[in-house]
Each structure stands twice: as C-alpha cells, then as structure tokens.
Amino acid sequence: MALTINTNISSIIAQRSLNNSTNGLNDALERLTTGYKINHAKDNAAGYSIANQWVTKLGSLDVAADNAATGSDMLTTAEESYSLLTSHLQRVRDLTEQAANGTYGSQSLKAIQSEIAARLSEVNRLAANSEFNGIKLMAFDKTAGADNSSVGITDAGVNLQVGLYADKNSIINLSVDLFTDASLKGLFKSSELVSVTNPNTDAKDADGNPDPRTLGELLTNAGVKDNSISTDADIQAFAAACSGLIYDANTNSFSLQTDGTCTPKEMLYFLDEAINDISSRVTKIGAVQNRVQSAITALDVQSQNLTSSLSTLRDTDVAETSSTYIQQQILQQASATLLSTANQLPSMALNLI
C-alpha cells in the first residue's frame, strides 16, 4: 500500500471498526438496561410484530380473568342470598308444622302467625334488595309483558366475556332462570306449583280420586287476592293459612279455621315446593360456578404459556448480552488505540522529504 498524506486508509478502517464496536456496545447496553432484546422494530421486525400481538392478548386475558372472577362473585352473592331465603322459609315450614299439630289455642296460633308474617315480609325484602353492581339478582319477572327495565337483566340472561373473541366459545351465559323473581309472588305461583289433595274433603274428581286443590284455591280461601302474595294483607292472609287461622283484611283480625278451607297441612306442600325451587336455583348456580372457575383456570394456563413464549421472544439473555457487552467494550478500546496509531502514519512521510 502506498504511503500517502491526503488519504489515510488505515485510519478509515480503524474508524469503521470503532463505530461498529460503539454501536454494538450501545445495543448491548440498551438490552441490559431495558431487559428486552427487541427494543425497536429494526432489532427484529417479525419478532416486534409478534411480541406486540402477544402483549395485546395478555392484556385481554387479564381482563377476561377479571370478568370471570366478577361473575363468580355475583353468583356467590346470589347463592348466599338464596341461602338466607331458604333459612326463612325453613323456619316458616317449622312453624307451619308446629301449627298443624292441633294442640295450640288461638293465642298461640296468632303468635305463630306473627312470626311467619315477619319471616315472609323479610323474604320479600331480601328478594327486592339483593343486587350486584346494579343487577337485581332475584327480581326478574318472566311473566309475558312484564317490565324488567329496572332489573338490569334481559331475557337472554347475563353473558360473561371470558375469552378473547366475540364467538360463543368466549362467552358463558348465565340463564335468566337463575335470577327470576324470588319474592313470595314469584315463589308461590298457583299456575306453576303442583296441585295437592285436600285431606279434609270427601269431594271426588271425574275418576273417583280425591279432589285436588291448587295453591290458587287455597290462597283465595285464605283471603289472598288475585292468587298472588303481593301486598301486606296478602302476607298476613298467607301467614294465617300456615297457622290454621283466617285473616279478615277489612277488620285486620284473625279467627280460627273451622271448615278446613286452608289448613297448615296443605300449606306444607307449597312451602316444600318453594324451598325446592330455591334449591334448584342454587344447584344451577353451583354448576355454573364450576364452569366459571374452569374458565379462570384455563385463562391462567393460557396467560402463563403466552407469557413464557413472549419472554423467550423478547426478553434479554443477560449472561449472553453481558458477554457481548464486554466484547464490544474491548473492541472499542482496541479500535480507539489503533485509530490513534493510524492517525500518526502520514507523519512518516516527513522522514522521506
């Protein structure tokens, strides 16, 4: 190579090496400080795009897990509320069983009636006030044309978004049957409960069997209007029927039953129906809770695996990058030293002049 003054090829080579080692040192330093080996699209264009997609999915998986957990909390709230209703109805049944014994006078029966009425009123209050985030858990009226605008639930029930997409596999539907009216009016419907045979009548049906009576008939005999328990007077009449009394709404008074029009024995059947109705709902809630818990577990597994893949793609291998950092640091120092030497080469020409 010729010895020249205007062009110093050795210096240019040393400068290029110094720039390359400096760039490598800076890249290694950035990866060590951020913890990511892909900090810019230029680092790995395809990997950068994939990593962004995975980060988006991980965020959605976290939200889906929160959705499922919130749905589970709502179901737990409903289950515990139903448990309270069951405890009240079981106590009403115990009192009705007690009143059916026939060993109590009118004063004792009135005392029984008073507690039953209080329990029934509490059932109505709990059903009306049980809610979760503005959703009424025991107030949906399935009667055609009923106004459920304040309930917060449609005929389709409640959909829990527990997946990443808009398809049916990303949704768990909570049937509206879980949230139907659990007030006395909703639990004791003459059109839905099984008829029971009146044990105190000799009437026969067309086949010669004892004539059965529906809850609607019993409620009418007890003084309940429209065959549904919706007013305070209806509650008093219903409680009186469970206690072997007859309630007169006009005088707000009670009298002993003498004609067996509505006995505590018959009311036991319908109390059992109401308790079984609640038990059926709680059973369904338990089944759905298992599905929701399974969804939470699946989301956790999916999030864990996706996080592991993202780490492999994006995270810095500290051991490897540290070695690269030291290597580039040594190369930088060597290039700087040699550049200094290369810059002195043209001065050798002075020895020839």
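A quick convention before you click: contact here means heavy atoms within 4.5 Å. This is a predicted model, where local features need pLDDT of at least 70 and side-chain atom pairs count only at pLDDT 80 or more, while totals for chains, interfaces and linings use all residues. Residues are numbered from 1 along each chain as its sequence is written, and side-chain values use heavy atoms, with hydrogens and water left out.

Colour by pLDDT, the predictor's confidence in each residue on a scale from 0 to 100. The protein's mean is 85, with 91% of its residues at 70 or more. Now select 191–195: pLDDT there is below 50, though the stretch has 10 contacts in the model beyond near neighbours in sequence. Where pLDDT is low, the predicted coordinates should not be read in detail.

Next, select M267. M267 sits in helix α7 (helices are DSSP runs of H or I, at least four residues, strands are runs of E, at least two, and both are numbered from the N terminus). With a relative accessible area of 0%, M267 is buried (buried is under 20%, exposed over 50%, partly exposed in between, using a 1.4 Å probe and protein chains only). Leaving aside neighbours within four places in sequence, M267 touches T96, L215, L218, F238, A241, C242 and C262.

Zoom out to helices α6 (232–242) and α7 (264–314). They pack at about 115 degrees with axes 7 Å apart; axes are lines fitted to C-alpha atoms, for helices over the stretch in contact, and angles run from 0 to 180 degrees between N-to-C directions. Show F238, A241 and C242 on α6, then P264, M267 and L271 on α7, to see who makes the contact.

Jump to α3 (106–129). Which elements do its buried residues pack against? Look for α2 (45–99), α4 (184–187), α6, β7 (245–248) and β8 (253–256). On α2, pick H88, buried at 14% relative accessibility; its contacts outside four places in sequence are R119, E122, V123 and L126.

Last stop: salt bridges, meaning a Lys or Arg side-chain nitrogen within 4 Å of an Asp or Glu carboxyl oxygen. The whole structure has 9.

- R119 and E115: closest N and O atoms 3.5 Å apart, and part of a network with R91.
- K142 and D177: 2.7 Å between the closest N and O atoms. Both are in loops, so the pair ties together parts 35 residues apart in sequence.
- D277 and R281: 3.4 Å between the closest N and O atoms, about one helical turn apart in α7.
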